[in-house]
Amino acid sequence: FGTKAGGSDAIHIVHADGRGLVRSLAFDLDGVYTPVWSPDGERIAFIGTRDGASELYVTDTMGESLRRLTDDYDDERNPAWSPDGRSIAFESDRDSPLDRGFDRSYALYAVDVETRHVTALVRGPGWEQSPTWSPDGRYIIYSSDRQGTPDLYLADLEDSTCVRLTSLIGGAETPSWSRDGDRLTFAAYEEGGWDVAVVKSPLS
């Protein structure tokens, strides 16, 4: 996770069983956000900011090899590794019209970790956010407010179809697909508060 460390941010790696800090990774960045482990546990992807620009970075677990995967003035957010570790999905406003000011739309993209080539995954009329991959890499579930309230959608990356999965009054956000593909968790807003919901067999 990322927190303030002196005058800038750092990524902190801790033992999952609560035994304390393993190490902290500090970089020449103003801020670090949403760090996520690669499937093999050897790398960490995160959003880093410097001079007001947010970019997608990858580092090894010792913090000795830092690579910037995007290099632009667009707003990048919420990275998610593909199951094979070759690509990282993320949300960005890179194709939103500049004349919309702060009312910019976000779409989903994937960057090839080796070549840094970026391809569009899902574009819509609203804010497409928080992508999570299926274990076979064919599908992505994400949250979108294209109908007003954020709900979950399923995108088939092979045939480019998209299906709405939820229709909740309060909305659904931040989905996370289990590694075996049998469970999907997400945050659901109901009765004035957020709850964690679990869906079995999300593809059925």
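**Charged pairs and a nonpolar core**

At 44% relative accessibility, Asp95 counts as partly exposed, a class lying between buried, under 20% relative accessible area, and exposed, over 50% (1.4 Å probe, protein chains only). The model is predicted, and therefore local features need pLDDT of at least 70 and side-chain atom pairs count only at pLDDT 80 or more, whereas totals for chains, interfaces and linings use all residues. Residues are numbered from 1 along each chain as its sequence is written, and side-chain values use heavy atoms, with hydrogens and water left out.

A search of the whole structure finds 11 salt bridges, each a side-chain nitrogen of Lys or Arg within 4 Å of a carboxyl oxygen of Asp or Glu. In one of them, the side chain of Asp95 meets that of Arg123, with N and O 2.8 Å apart. Because Arg123 lies in the loop between strand S11 (118-122) and strand S12 (128-133), while Asp95 lies in the loop between S9 and S10, the pair ties together parts that are 28 residues apart in sequence; strands here are DSSP runs (E, at least two residues), numbered from the N terminus. Arg123, at 56% relative accessibility, counts as exposed.

A second salt bridge joins Glu128 to Arg146 at 2.9 Å, N to O. Here too distant parts of the chain are linked, since Glu128 belongs to strand S12 and Arg146 to the loop between strand S13 (139-144) and strand S14 (151-156), 18 residues apart. Glu128 is buried, at 0% relative accessibility, whereas Arg146, at 24%, is partly exposed. Elsewhere, salt bridges with shared partners join Asp72, Glu76 and Arg94 into one network.

Arg146 lies over the face of Tyr153, at 5.0 Å from the ring centre, and Arg94 lies over the face of Tyr109, at 5.6 Å.

Tyr109 leads on to the largest nonpolar core, whose 12 residues also include Ala45, Leu56, Trp81, Phe90 and Ala107; such a core is a set of buried Ala, Val, Leu, Ile, Met, Phe, Trp, Tyr and Cys residues joined through side-chain atoms within 4.5 Å. Strands S5 (43-50), S6 (53-60), S9 (87-92) and S10 (107-112) each supply at least two residues of this core, and S10 gives the most, with 3 residues. In soluble globular proteins, nonpolar side chains tend to be buried together.

Terms used: Lys NZ or Arg CZ within 6 Å of the ring centre and 35° of its normal. Helix = DSSP H or I, 4+ residues; strand = E, 2+ residues; numbered from the N terminus.
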